[in-house]
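Here is a short briefing on one protein structure. Look it over first, then read the points below.

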Amino acid sequence: MRRLLAILLPGLLLLTACGGGQPAAPEPTSQSAGETAKLDSLKLTENGDKKAPGVEFTKPLEVKDPTIKVVKDGDGERVKANQVADISIVAFNGKDGSTLEDTFPKDPEKLELNDELKAGSAVIYNAFVGAKVGSHLALAVPGKAASAEGGAAQPSQLLVIKILAAKDAPKVLDKPEGDAVTPPAGLPTVKENDKGVPEISVKGVAAPKALISQDLITGKGQAVKESDTVTVNYVGVALASGKVFDSSFTSGKKATFPLNGVIKGWTQGLAGKTVGSRVLLVIPKALAYGDKGQGDAKGDLVFVVDILGVK
């Protein structure tokens with residue numbers, strides 16, 4: 001389902017956003033949307049949290065608009081805005097009922113019920129917020145006609161989603177918090193300017209023979225895994241020139257991304273570090289952008305990374 005969430009859900013958000021979305025329902029009431037009568041034939045047989053429910057529905061299932069509703073109420077607490085819901089999903093071809101994917105035996109997916117989701121798809125947001133933990137939601141996604149460029153037609157899809165748990169989203173810090181660390185000699189030096197932005201000096205620093213990952217501040221929060229998505233502030237310089245080539249501090253916006261989706265020096269250097277930490281990374285070019293580089297990010301690179309949140 002990591003593939004389905006990565007591919008299907010963003011496309012659905014665009015579809016529902018373009019369709020105008022639904023007005024926000026008074027929270028915490030779960031709100032159905034779309035052609036809900038098309039889901040009246042759906043019958044579920046509960047099989048626990050680690051096995052998909054038995055699902056029966058009249059085929060073919062065709063909808064013109066994204067359609068969602070709670071088809072079986074749970075008995076847990078109601079899901080609240082700004083929480084993170086743990087969900088499992090089984091997806092079906094709406095035309096013939098064949099199973100496309102089943103995530104129930106795997107670790108739950110996480111869906112953040114934040115303002116970004118609310119703005120992008122009030123349809124989905126309003127259905128989850130107010131639903132009870134343990135509930136099953138049915139989401140019917142319209143099919144696609146064949147494109148003029150030769151793309152094949154896609155049938156509608158039916159997703160049955162179980163809400164396994166919901167908890168408040170992890171706090172994102174504004175700045176690093178923890179115990180200051182004195183780094184060993186020979187590394188780039190870091191000082192904050194009067195605006196609190198770290199400035200890196202690489203004068204006299206030798207090229208690294210291996211990745212260096214050195215705490216400047218050790219946070220007391222959750223440890224980061226390679227599979228996590230992190231929220232950070234950072235500044236990067238080229239070791240050879242000392243020139244800043246990228247900085248989230250310049251835009252004033254924290255950066256959020258999957259840790260396994262960046263250069264290897266970041267993935268390897270930040271895994272195991274804790275939220276609240278400020279980390280100095282000295283990265284050989286082989287673990288950065290290689291011989292060709294990327295713009296001004298050429299050769300060996302140096303970063304200061306503030307780990308502010310993880311999910």
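K59 lies over the face of F57, at 4.8 Å from the ring centre. A charge counts as over a ring if NZ of Lys or CZ of Arg is within 6 Å of the ring centre and within 35 degrees of the ring normal. This is a predicted model: local features need pLDDT of at least 70, side-chain atom pairs count only at pLDDT 80 or more, and totals for chains, interfaces and linings use all residues. Residues are numbered from 1 along each chain as its sequence is written, and side-chain values use heavy atoms, with hydrogens and water left out.

**Aromatic pairs**
- The structure holds 5 aromatic pairs (rings of Phe, Tyr and Trp, its six-membered ring, with centres within 6.5 Å; planes under 30 degrees apart are stacked, over 60 edge-to-face, the rest tilted).
- F245 and F303 pair edge-to-face, 5.6 Å centre to centre, with 90° between the planes.
- F245 sits in strand β14 and F303 in strand β17, 58 residues apart (strands are DSSP runs of E, at least two residues; helices are runs of H or I, at least four; both are numbered from the N terminus).
- W266 and F303 are also edge-to-face, at 5.2 Å and 85°.
- W266 lies in helix α5, so its pair with F303 in strand β17 ties together parts 37 residues apart in sequence.
- Both W266 and F303 are buried (under 20% relative accessible area; exposed is over 50%, partly exposed in between; 1.4 Å probe, protein chains only).
- Ring pairs link Y234, F245, F257, W266 and F303 into a cluster.

**Around T67**
- T67 is in strand β3.
- T67 is buried, with a relative accessible area of 0%.
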